[in-house]
Amino acid sequence: EVAQLMADVEFGRDELGLKVKGLLPRAERREAAGGKISTGNASLCIVSVNGRPVEFKALKKLLSGIVLGESLSSAHRYPRGILCLDLTIPGSVDVNVDPNKIHVLIRREDDVLAAFKEELKEIYVNATEPGAEAEHSIPVDPEQGDLHDEIFASL
């Protein structure tokens, strides 16, 4: 049931060496879905950087505000979803921040977050305007897999 409420998200920023693939709630269904697309458990909002599951609080906060919208957003709600970030420029990620490697240092983090904000607003904010379509939201067919399989394989 939750899979039907999700959409593929894919974008990149060459100047940052950033490539993003993931699954997030469909913009056109988020209000009707309510609690099915959000959770109080931050671990159900999965983020990986270069194939490594990480805790990226600033990105989760941004996701919460834009993806869930004002009616669903709060300090303790997160969208269900998976985001896989690849940062391809050498030295753009330092995984040696803590022994567990869950926290990483992303060089140009503010620029990465700004890129996310721009893309998420295009998907979610502009999609709620009358007559607008969410061109980044692609219907999910669990039988076909494709991007879904690729995303789960990278974790």
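The side chain of Ser-64 reaches the backbone oxygen of Arg-77 at a distance of 2.8 Å, a polar contact in the sense of a pair of N or O atoms within 3.5 Å, where within protein one atom must be able to donate a hydrogen and the other to accept it, and where residues adjacent in sequence count only if both atoms are side-chain atoms. Ser-64 lies in helix α2, which covers residues 57-67; helices are DSSP runs of H or I with at least four residues, strands are runs of E with at least two, and both are numbered from the N terminus. Ser-64 counts as buried because its relative accessibility is 4%, buried meaning under 20% relative accessible area, exposed over 50%, and partly exposed in between, with a 1.4 Å probe and protein chains only.

The model is a predicted one, in which local features need pLDDT of at least 70 and side-chain atom pairs count only at pLDDT 80 or more, whereas totals for chains, interfaces and linings use all residues. Residues are numbered from 1 along each chain as its sequence is written, and side-chain values use heavy atoms, with hydrogens and water left out.

A second polar contact joins the side chains of Arg-13 and Glu-118, at 2.9 Å. Arg-13 belongs to strand β1, residues 6-13, and is counted as buried because its relative accessibility is 13%. When neighbours within four places in sequence are set aside, Arg-13 is in contact (heavy atoms within 4.5 Å) with Leu-18, Ala-115, Glu-118 and Glu-119.

Strand β7, residues 81-87, is mostly covered, since 6 of its 7 residues are buried. Which strands pair with β7, and in what sense? Strand β2, residues 18-25, pairs with β7 in the antiparallel sense over 6 bridges, and here Lys-19 stands opposite Asp-86. Strand β4, residues 45-49, pairs with β7 in the parallel sense over 5 bridges, and Ile-46 has Ile-82 as its bridge partner in β7. Two strands are said to pair if DSSP finds at least two bridges between them.

Turning to the whole protein chain, the secondary structure comprises 5 helices and 9 strands, which follow one another along the sequence as β-β-α-β-β-β-α-α-β-β-β-β-α-α. Of its 155 residues, 43% count as buried. Among contacts with a separation of 6 or more, 72% are between residues 24 or more positions apart. The protein chain exposes about 8400 Å², of which carbon and sulfur atoms supply 50%, with accessible areas taken from the Shrake-Rupley method with a 1.4 Å probe.
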